[in-house]
Protein chains: 2
Amino acid sequence: MKDSQLEEVMNKMIIEFSKTLELFGLTPLESRLFVYLYLTDDPLTLDEMSEALGKSKTSMSTSIRSLFDLNLVTRVWKKGVRKDLYEANSQLYKSFSTIYISKWLDSTNHHKDTLMEIRHEIDSPKKAAISKEKEKLNKKLDEIINFHVQIEGLFNNMKQ
Amino acid sequence: MKDSQLEEVMNKMIIEFSKTLELFGLTPLESRLFVYLYLTDDPLTLDEMSEALGKSKTSMSTSIRSLFDLNLVTRVWKKGVRKDLYEANSQLYKSFSTIYISKWLDSTNHHKDTLMEIRHEIDSPKKAAISKEKEKLNKKLDEIINFHVQIEGLFNNMKQ
DNA sequence: TAGTACGTACAGTATAAACTGTACGTAATT
DNA sequence: AATTACGTACAGTTTATACTGTACGTACTA
């Protein structure tokens, strides 16, 4: 198998795998970058990534920062090399499932809290006059809060 | 509690709940529309939705179509009423978790299939010459396919 | 069967996201 | 100390997404 064929295969893998990674909330470029790093064994510099993906160095800088913050890539130190070197975290499943579950739990929990504040606001004594409309809305709000609780349960289960 | 206050509360609920729904892949408008329908007991016409959300009727038409295709709203028939009437599906958890899990399973399964095709392509006899690079890429590909299998497992578990 | 009301296709516009280039602060090199 | 190399802030540009208005096909109304 020739080098050009290998490169072709690698390209196909990048295209296809990055589609899956986009489902986890990564941008197209972040996804492609991660896959490229994942397929390359040596840690790479921003310039090398820029060259390989045909995108600006600035894009590499911001994308790698995102991946770094998500703990998907690691900065590597190599004696005598001045440039920053990055490599992909190899624990695909662990990394992505963790990120994903946390994202959901954080979001739903936060929104649930806000909804519960609204709930208390409605129930505060000085606004205690009862109306049919208010009761209806109250019931809906409870259902919505309960929905959030169920979603939280779902994602908590995913943690094992 | 005054009507204006109720409306205020309803507005807050729409804003907050729709944030959660966006996590499921709905656009902001689709989310707001669904929540509005969910909070309103009577089935509504496109004109009423347009009026209530302050968006064009065209937007309502396309958004409601999306929600309809996702099985999140139902078309309701009312004797003597010529306009289409829609109401929100009230089974929040069932609806959204089903949609979401299916979406993931469909996507990952499809991408996995494509990756496996690439796998076979590499292994085809006429390209059988072995190289170190090829072996490396092969191994990565297996890992990536395995990642997809694990993700599928994760979401299959969510179905109970 | 002429007229009116409805939903939506389609093209255009506005808004948001992704990406680039320049320019600068910091740090290593000479 | 001066120079060069590096990463990134920031503003501008391109591309994608969301949204609107007009215009049309279909079906109900008179």
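**View 1. Surroundings of B:Phe34 and the nonpolar cores.** Once its neighbours within four places in sequence are left aside, B:Phe34 is in contact with B:Leu21, B:Leu26, B:Leu67, B:Leu72 and B:Ala88; the model shown here and in the other views is predicted. B:Phe34 belongs to the largest nonpolar core, which has 32 residues, and together with B:Met13, B:Val35 and B:Leu37 it touches the most other members. Elements of both chains give two or more residues to this core, namely helix H5 (92-123) and helix H6 (132-158) of chain A, along with H1, H2, H4, strand S2 (85-88) and H5 of chain B. Another core, of 31 residues, lies apart from this one and includes A:Leu21, A:Met49, A:Val73 and A:Leu92. As general background, nonpolar side chains in soluble globular proteins tend to be buried together.

**View 2. The axis that relates chain A and chain B.**

**View 3. The surface near DNA strand C.** DNA strand C is surrounded by 18 residues, of which the closest are A:Leu29, A:Ser56, A:Thr58, A:Ser59 and B:Asp84. The elements that give two or more residues to this surface are helix H2 (28-39) and H4 of chain A, together with helix H3 (46-53) and H4 of chain B. H4(B) gives the most, with four residues, and by class the surface near DNA strand C has three nonpolar, seven polar and eight charged residues.

**View 4. The surface near DNA strand D.** Around DNA strand D there are 17 residues, and the closest of them are A:Asp84, B:Leu29, B:Ser56, B:Thr58 and B:Ser59. Helix H4 (57-69) of chain A, helix H2 (28-39) of chain B and helix H4 (57-69) of chain B each supply at least two residues of this surface, to which H4(A) gives the most, with four residues. The classes represented near DNA strand D are three nonpolar, seven polar and seven charged residues.

**View 5. The two domains of chain A.** The domain assignment divides chain A into domain 1 (3-90) and domain 2 (93-158), whose centres, taken over C-alpha atoms, are separated by 37 Å. Domain 1 of chain A brings six residues to the contact between them, and domain 2 of chain A brings five residues. On the side of domain 1 of chain A that touches domain 2 of chain A, three residues are nonpolar, three are polar and none is charged.

Terms used:
Residues numbered from 1 in each chain as written. Chains lettered and ligands numbered in written order. Predicted model: local features only at pLDDT ≥ 70, side-chain atom pairs only at ≥ 80, totals over all residues. Near = placed C-beta within 6 Å. Nonpolar A, V, L, I, M, F, W, Y, C, P; charged D, E, K, R; others polar. Domains from an automatic or database assignment. Contact = placed C-beta atoms within 7 Å. Core = buried A, V, L, I, M, F, W, Y, C linked by C-beta atoms within 7 Å. Buried ≥ 20, exposed ≤ 12 C-beta atoms within 10 Å, placed from the backbone.
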